Amino acid sequence: MDHLIELRGRLIWCVAAFAVAFVVCFFFAGPIYVFLVKPFAAASALYAGSDGHNVSPIALIEVTAGLAPMPPTTTEAAQLIYTAPLEILFTKMKLAGLGAIFLSFPVLAFQLWRFVAPGLYRNEKGAFLPFLFASPMLFFLGAALVYYVMLPFVMWFSLSQQISSDTVAVALLPKVSEYLTLVTALILAFGLCFQLPVVMTLLGLAGMISSKLMSEGRRYAIVAVVVLAAIVTPPDPISQLMLAVPLVILYEISIWCVRLIELRRKREDGAEDTAIA
């Protein structure tokens with residue numbers, strides 16, 4: 001009963017933190033959505049300014065990141081529509097919910113740690129605590145890659161598919177809900193894929209994999225990464241490479257993390273044998 005009472009208290013804190021963050025994010029849902037639309041605005045402005053010709057990838061990233069000014073256009077840089085009366089309201093609520101998860105994550109992680117920590121040994125605490133910080137950092141790193149690199153290229157690719165003639169004009173006018181769905185899907189896909197070092201290191205700590213096994217299976221892992229990138233990204237080679245290359249690098253980092261764990265385990269076993277002798 002003591003554990004259940006403590007769990008109830010932790011859950012109340014988590015729900016309260018999420019509710020407060022939800023209200024705050026819903027109040028600022030408009031500016032947050034404008035922030036998320038900036039990659040589309042940057043791609044639209046550059047596309048309009050170049051009359052559909054190729055633009056330097058560096059220019060797309062610089063404009064999205066605010067390192068270069070938004071090029072002037074004769075029309076609005078980005079136009080989004082909504083076709084249902086309450087679509088914008090539900091989109092704001094969804095955006096507030098996603099923002100609340102990010103905003104309240106420190107409280108959620110702290111409550112999880114306070115509930116789990118008393119049942120862990122000292123060495124288990126030392127092994128678990130770094131992952132509590134590494135996991136959100138890797139997730140935000142993947143989200144930043146989506147926002148500053150992936151989305152501008154995806155929007156540019158989408159704009160390049162427009163059709164214009166004397167009699168027919170097919171222009172990109174994304175819906176506010178569908179754009180948020182695309183952004184959410186890409187951020188979740190990249191954020192979860194960037195958890196690869198955390199997952200592999202935890203498996204190494206559990207003794208389920210070894211650095212030798214990971215090194216020998218490198219070629220199969222690269223094939224799996226390419227297939228995964230082809231599934232979760234839009235159908236263009238640039239987007240697929242943007243996910244595949246970082247994942248291959250993270251896989252190599254995972255091998256070194258598991259190798260360091262094995263070396264530490266060998267030193268600890270050697271110290272125990274010396275102490276017994």
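Y251 is buried, with a relative accessible area of 9%, where buried stands for under 20% relative accessible area, exposed for over 50% and partly exposed for the range in between (1.4 Å probe, protein chains only). Y251 belongs to helix α10, helices (H or I, at least four residues) and strands (E, at least two) being DSSP runs numbered from the N terminus. Its C-alpha atom is separated by 8.4 Å from that of R218, 33 residues apart along the chain. The model is predicted, so that local features need pLDDT of at least 70 and side-chain atom pairs count only at pLDDT 80 or more, while totals for chains, interfaces and linings use all residues. Residues are numbered from 1 along each chain as its sequence is written, and side-chain values use heavy atoms, with hydrogens and water left out.

**Salt bridges**

- A search of the whole structure finds 3 salt bridges, each defined as a side-chain nitrogen of Lys or Arg within 4 Å of a carboxyl oxygen of Asp or Glu.
- E252 forms a salt bridge with R218, and the closest N and O atoms are 2.6 Å apart; because E252 lies in helix α10 (residues 237–276) and R218 in helix α9 (residues 218–232), the pair ties together parts that are 34 residues apart in sequence.
- E252 counts as partly exposed at 25% relative accessibility, and R218 is also partly exposed, with a relative accessible area of 29%.
- K175 forms a salt bridge with E87, with 4.0 Å between the closest N and O atoms; this pair links distant parts of the chain, since K175 is in the loop between β2 (169–170) and α6 whereas E87 is in helix α4, 88 residues apart.
- K175 counts as partly exposed at 22% relative accessibility, whereas E87, at 9%, counts as buried.
- The side chains of E6 and R10 meet in a salt bridge of 3.5 Å, N to O, and both residues lie in helix α1, 4 residues apart, about one turn of the helix.
- E6 counts as partly exposed at 30% relative accessibility, while R10 counts as buried at 17%.

**Aromatic contacts**

- The count comes to 11 aromatic pairs, under a rule by which rings of Phe, Tyr and Trp (its six-membered ring) pair if their centres lie within 6.5 Å, with planes under 30 degrees apart counted as stacked, over 60 as edge-to-face and the rest as tilted.
- Y33 and Y179 form an edge-to-face pair, 6.3 Å centre to centre with 65° between the planes; Y33 lies in helix α2 (residues 29–49) and Y179 in helix α6 (residues 176–193), so the pair ties together parts that are 146 residues apart in sequence.
- Both Y33 and Y179 are buried.
- One aromatic cluster is formed by F18, F22 and F26.
- The charged end of R259 sits over the ring of W256, 4.8 Å from its centre, a contact that requires NZ of Lys or CZ of Arg to be within 6 Å of the ring centre and within 35 degrees of the ring normal.

**Nonpolar surface patch**

- M1, L4, I5, L7, L11 and F115 form a nonpolar patch on the surface, with about 590 Å² of accessible area together; such areas come from the Shrake-Rupley method with a 1.4 Å probe, and for residues only the protein chains shown count as cover.
- Patches are made of residues with over 30% relative accessible area and no salt bridge, like charges being joined within 9 Å and nonpolar side chains (Val, Leu, Ile, Met, Phe, Trp, Tyr) within 5 Å.
- Helix α1 (residues 2–27) supplies the largest share of the nonpolar patch, 4 residues, whereas F115 lies in helix α4 (residues 87–116).
- F115 is partly exposed, with a relative accessible area of 30%.

**Cysteines**

- A search of the whole structure finds 0 disulfides, a disulfide being a pair of cysteine sulfur atoms within 2.5 Å.
- The sulfur of C25 is 16 Å from the closest cysteine sulfur, in C14, which is too far for a bond, and C25 is buried, with a relative accessible area of 7%.
- For C193, the closest cysteine sulfur is in C257, 17 Å away and too far for a bond; C193 counts as buried at 13% relative accessibility.

**An exposed loop residue**

- T167 lies in the loop between β1 (163–164) and β2 and is exposed, with a relative accessible area of 75%.
- The C-alpha atoms of T167 and L11 are separated by 60 Å, the two residues being 156 residues apart along the chain.
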